[in-house]
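Hi everyone, thanks for coming.

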Amino acid sequence: MGDLVIGARSGAGEPEGPGRRVARSADSAAPSAAVEDAAAQTADEHGAGAEDSPERSHSQPSHPGPSHAETEPADGSESPAKPRKQRSFWKELPILIGIALILALVIKTFFVQAFSIPSESMQNTLQVGDRVLVDKLTPWFGAEPERGEVVVFHDPGGWLNDEPTPQSSNSFVRGLQDVLSFVGLMPSANEKDLIKRVIAVGGDTVECEGEGPVKVNGVALNEPYVYQGNTPCGDHPFGPVKVPKGRIWVMGDHRANSLDSRFHMDQPGGGTVPVDNVIGRAFVVAWPIDHWSTLPVPDTFDQKGLAAAAPPAPPVAGAVGAVALLPLVRRVRGREERRKES
């Protein structure tokens, strides 16, 4: 029965007649239930043994999802996904502290460092105990201090010999301060650094006679930042002093209470500070909060003519130059005379 159906569907020839033509027409229009059952039975017979064959598996459509064997364990029980166990706060805390200390050390080394004001030499611009932030990044790019800036610098030698180093009597506090100062979270109590205002730079001539004013390259400075009641020279007039290249002349704003360049003119450098000793420029008062302020360059240092001018040619040099140009002048005159005669 099954072979007959397959042969008929393959198109084998049959006798034709009026009745047969009608029967074929009816069969092609609507297959009988017997034909459908035979086709299903034949498919079952040929496919039952090849269920796992390559041809069978190749003909089956692929499903993107996981197989039943992959989604269920072998014993048939469902295994719920285990949530990832998070670290406790106390285990992560040392890691966070270590990262914070490394970042603070990098910032202190290359970018910004805090310094404490230990004396009254910069009043009223800075008060004792103020914390200032110092820009350490700019000097890395070769920038040098400019007139009017407030800078922190290492002792050039002999400026702080008589200054005691403040230390706590508590060993724990000293150790904590050493650690925090190492990473830049506290000012160091061991380093002997100073903070002053730059008045003149390399190549400038600075002086102050009597009660002032201070003059840079012959230009008088109007100094509103000087401590009230002080004179620009304080009690120590000086100069004129020629500042060597690569060095700066510094003074405190509290002129009567600042051992600055004026008081170290008998030492190497004549009271000037090497630019290499400058740590950076103090640009803001960060602490206490009620003292917060920026430290801009005063307008007095923007005056025209303040920069050192090129020295004029001495009379001897001028005479030598005139003698050297004399033959050239004669030649020009000779040519002009010949043209007139021709």
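I'll start with the overall picture, then go to confidence, the cores and the disulfide.

So, first thing to keep in mind: this is a predicted model. We've got one protein chain of 342 residues, and 27% of them count as buried. There are 8 helices and 12 strands in it. If you take the contacts between residues at least 6 apart in sequence, 72% of those join residues at least 24 apart.

Okay, how much confidence does the predictor have here? The mean pLDDT of the chain is 73, with 55% of residues reaching 70 or more. It's lowest in helix 1, residues 2–10, where the mean is 36, and highest in strand 9, residues 247–251, at 98. Two stretches to watch: residues 45–70 have pLDDT below 50, and beyond near neighbours in sequence that stretch makes 3 contacts in the model. Residues 309–323 are also below 50, and there the count of such contacts is 0.

Now for the inside. In soluble globular proteins, nonpolar side chains tend to be buried together. Here, the largest nonpolar core has 18 residues, and the ones with the most contacts inside it are I199, V206, V214, L221, F238 and W249. Which elements give two or more residues to this core? That would be strands 4, 5, 6, 8 and 9.

Have a look at V206. Leaving out residues up to four places away in sequence, V206 touches a whole list of others, including I199, V214, F238 and W249. There's also a second, separate core, this one with 13 residues, among them I117, L126, I195 and L295.

Last stop: the structure holds 1 disulfide. It's formed by C208 and C233, with their sulfur atoms 1.5 Å apart. The two cysteines are 25 residues apart, and the pair links distant parts of the chain: C208 sits in strand 5, while C233 is in the loop between strand 7 and strand 8. The torsion about the S-S bond is about -95 degrees, so this disulfide is left-handed.

And are those cysteines buried or exposed? C208 has 1% relative accessibility, so it counts as buried. C233 is buried too, with a relative accessible area of 0%.

That's it from me, happy to go back to any part of it.

Definitions and conventions:
Residues are numbered from 1 along each chain as its sequence is written. This is a predicted model: local features need pLDDT of at least 70, side-chain atom pairs count only at pLDDT 80 or more; totals for chains, interfaces and linings use all residues. Side-chain values use heavy atoms; hydrogens and water are left out. A disulfide is a pair of cysteine sulfur atoms within 2.5 Å. Helices (H or I, at least four residues) and strands (E, at least two) are DSSP runs, numbered from the N terminus. Buried means under 20% relative accessible area, exposed over 50%, partly exposed in between (1.4 Å probe, protein chains only). pLDDT is the predictor's confidence in each residue, from 0 to 100. Contact means heavy atoms within 4.5 Å. A nonpolar core is a set of buried Ala, Val, Leu, Ile, Met, Phe, Trp, Tyr and Cys residues joined through side-chain atoms within 4.5 Å.
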